Amino acid sequence: MYLKTLTIKGFKSFASATTLRLEPGITCVVGPNGSGKSNVVDALSWVMGEQGAKSLRGGKMEDVIFAGTAGRPPLGRAEVALTIDNSDGALPIDYTEVTISRTLFRNGGSEYAINGDSCRLLDIQELLSDSGIGREMHVIVGQGQLDAVLSADAEARRGFIEEAAGVLKHRKRKEKALRKLEAMQSNLTRVSDLITELR
Ligand code: ATP
């Protein structure tokens, strides 16, 4: 499995559609300060489901939409599509090539798709979660993050290992199930109170 192409349109400084073709192995993005190198990495984490505006170096999620320049008006939507080569079947989906895409509209609406079919954010997160890439982005080490990884406490370090091992997905599902159980328990208590009142 390797990242094959990344198409960015209306995302941060990329007003026009830009496609980066990647090869297996190491890819280096080089360019002058402020030319958009980190925006490429932000686009990558965003399309994989990043939800934190701060992790994308913005104040709110709409900040990822091209805000305009002196010569170009702002755009109404940001779109990023990532094509992953899945010939080795590392992603649990029956396609040798998988394209995940994410669109954000300025009014706050969002769209996600896997190979052109609309899906939920959760579907993208689950698809990627066992592959070692995904929302928690431990394969994407941004500027300054290396220090954070090296100085992480035991709990955080365990989180990195759990994501790499694919345990995180099950932990999240367990947390969700426990929350449902808790809600169910309080409903049961409410029902039993009502029964007592009616007796
Ligand atoms: P450095 O080497 O200094 O870290 P870089 O190449 O990583 O720089 P980025 O941080 O990726 O650069 O890009 C910064 C540029 O992106 C700035 O010029 C900023 O104005 C522009 N930018 C960020 N968000 C938006 C947006 N929503 N709309 C338009 N331009 C944006």
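1. The residues of H2 that are buried are Ile 124, Leu 127, Leu 128 and Ser 129. Please keep in mind, here and below, that this is a predicted model.

2. The sheet to which these strands belong is open and has six strands in the order E2-E1-E3-E4-E5-E6, with antiparallel pairing. Its edges are formed by strand E2 (18-21) and strand E6 (117-119), each of which has a single partner strand, so that one side of each is left without a neighbour in the sheet. From one strand to the next, the twist averages 20 degrees.

3. Within the sheet, strand E4 (residues 97-105) and strand E5 (residues 110-114) are paired in the antiparallel sense over five bridges, and Thr 103 stands opposite Glu 111 in E5. Helix H1 (residues 37-47) packs on the sheet, where it touches strand E1 (2-9), E2, strand E3 (77-85) and E4, and the direction of H1 makes about 80 degrees with that of E3. Helix H2 (residues 121-129) also packs on the sheet, touching E4, E5 and E6, and its direction makes about 40 degrees with that of E5.

4. How many of the 11 residues of H1 are buried? Eight of them are, so H1 is largely enclosed by the rest of the structure. The buried residues are Asn 39, Val 40, Asp 42, Ala 43, Leu 44, Ser 45, Trp 46 and Val 47, and what covers them includes strands E1, E2, E3 and E4. Just after H1, Gly 49 takes a positive phi of about 110 degrees, a backbone detail to look at in the displayed model.

5. The ligand has 14 residues around it, and those that come nearest are Asn 33, Lys 37, Ser 38, Asn 39 and Ala 67. Asn 39, listed there, is also one of the buried residues of H1. By class, the shell around the ligand is made up of three nonpolar, eight polar and three charged residues.

6. As for the overall division of the protein chain, the domain assignment gives domain 1 (2-166) and domain 2 (168-199), and the C-alpha centres of domain 1 and domain 2 lie 36 Å apart.

Notes: Residues numbered from 1 in each chain as written. Predicted model: local features only at pLDDT ≥ 70, side-chain atom pairs only at ≥ 80, totals over all residues. Domains from an automatic or database assignment. Near = placed C-beta within 6 Å. Nonpolar A, V, L, I, M, F, W, Y, C, P; charged D, E, K, R; others polar. Pairing = 2+ DSSP bridges. Helix = DSSP H or I, 4+ residues; strand = E, 2+ residues; numbered from the N terminus. Axes fitted to C-alpha atoms, helices over the stretch in contact; angles between N-to-C directions. Contact = placed C-beta atoms within 7 Å. Buried ≥ 20, exposed ≤ 12 C-beta atoms within 10 Å, placed from the backbone.
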